[in-house]
Amino acid sequence: MKVCLFGNPFKPEVPRLVERLRPWIEERAEITNVVLEPDRPFDPAGADACIVFGGDGTILSCARKLTTFEVPLVGINVGHLGFLASIHPEEARRELERIFAGEYTVSERMMLEVEGLEGAASSASGIMAALNDVVFERGASPRTLSIEVRHGGEYFNTTTADGLIIATPTGSTAYSLSAGGPLVAPEMELMIITPICPHCLYERPFIVSADEPVTVRVERPSGDEMITLDGQVVYRPGSEVEITVRKSSSTFFLNARYSCQEMRPFW
């Protein structure tokens with residue numbers, strides 16, 4: 001089996017854990033690439049799996065880097081929650097031994113891609129994919145946003161709120177959950193549209209098919225609006241605020257050795 005290793009360099013325990021496990025892994029698999037620097041190119045081509053050392057945020061970052069590769073990720077949790085990075089470091093050898101023996105399944109998760117951000121100022125230009133969510137926020141402006149939503153080209157709703165979350169089933173346990181959105185089985189293909197602090201008693205999250213795109217337009221924008229992808233990549237679109245979010249042609253592949261019952265809390 002060929003594997004590549006990817007680690008979060010901002011967690012000091014990650015290099016130590018990689019150094020400790022690397023000789024053991026090399027006895028059982030071929031390591032094709034090791035990346036522990038944030039700006040180093042990451043090419044998992046030829047690998048059968050990518051072992052990621054970090055928390056769920058590291059998994060999200062890695063997922064966007066792998067949009068052109070069908071390489072499943074195996075998450076060693078050097079973080080907190082561990083929804084995606086579900087293997088505890090103390091169990092890494094045991095679980096990796098099973099994976100190297102082929103005793104695992106792969107969970108296929110839909111991703112999102114965004115149109116309409118070309119030319120927008122960004123914290124990471126060129127990355128327009130998300131595994132968890134795409135979030136429209138009011139930014140520094142104290143005013144609520146008037147947000148028009150269309151689905152498949154048809155008018156759907158206009159909400160007055162601090163922002164709007166468009167989440168995948170994987171992202172249903174993230175920001176959308178905090179804003180009152182539903183929990184959704186992660187392998188479904190749909191989009192969850194969740195208003196953030198809506199100024200309306202009857203405004204609720206809703207679920208739409210992923211077969212048609214969702215278009216979001218802000219009426220009378222202030223210019224302070226922000227669009228974030230997975231809470232990690234920030235775009236500032238300026239005065240023209242309209243984007244289209246659709247199901248990505250890329251699929252995220254996650255090692256699914258753990259069931260919900262087997263996952264341990266790490267906080």
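The model is predicted, with local features requiring pLDDT of at least 70 and side-chain atom pairs counting only at pLDDT 80 or more, while totals for chains, interfaces and linings use all residues. Residues are numbered from 1 along each chain as its sequence is written, and side-chain values use heavy atoms, with hydrogens and water left out. Helices (H or I, at least four residues) and strands (E, at least two) are DSSP runs, numbered from the N terminus.

**Helix 1 and helix 3**

- The axes of helix 1 (residues 13-26) and helix 3 (residues 92-100) come within 12 Å and cross at roughly 30°; axes are lines fitted to C-alpha atoms, for helices over the stretch in contact, and angles run from 0 to 180 degrees between N-to-C directions.
- Helix 1 is therefore roughly parallel to helix 3 (angles under 35 degrees count as roughly parallel, over 145 as roughly antiparallel, 65 to 115 as roughly perpendicular and the rest as oblique).
- From helix 1, Arg20, Leu21, Trp24 and Ile25 meet Ala92, Arg93, Leu96, Glu97 and Phe100 of helix 3.
- The residues of this contact comprise six nonpolar, no polar and three charged (Ala, Val, Leu, Ile, Met, Phe, Trp, Tyr, Cys and Pro count as nonpolar, Asp, Glu, Lys and Arg as charged, and the others, Gly among them, as polar).

**Strands 15 and 16**

- Strand 15 (residues 226-229) and strand 16 run antiparallel and are joined by three bridges; strands pair if DSSP finds at least two bridges between them.
- Together strand 15 and strand 16 form a hairpin with three residues between them, and aspartate 230 in the turn has a positive phi of about 60°.
- Isoleucine 227 stands opposite tyrosine 235 of strand 16.
- In strand 16 (residues 233-236), Val233 and Tyr235 make up the covered face, whereas Val234 and Arg236 make up the uncovered one.

- Isoleucine 192, found in strand 12 (residues 190-196), is buried at a relative accessible area of 0% (buried means under 20% relative accessible area, exposed over 50%, partly exposed in between, with a 1.4 Å probe and protein chains only).
- Leaving aside neighbours within four places in sequence, isoleucine 192 is in contact with residues including Ile165, Ile166, Val184, Phe206 and Ile207; contact means heavy atoms within 4.5 Å.
- Asparagine 255 lies in strand 17 (residues 242-255) and counts as buried at 7% relative accessibility.
- Beyond its neighbours within four places in sequence, asparagine 255 is in contact with Leu73, Val74, Ile87, Ile99, Tyr104 and Thr105.
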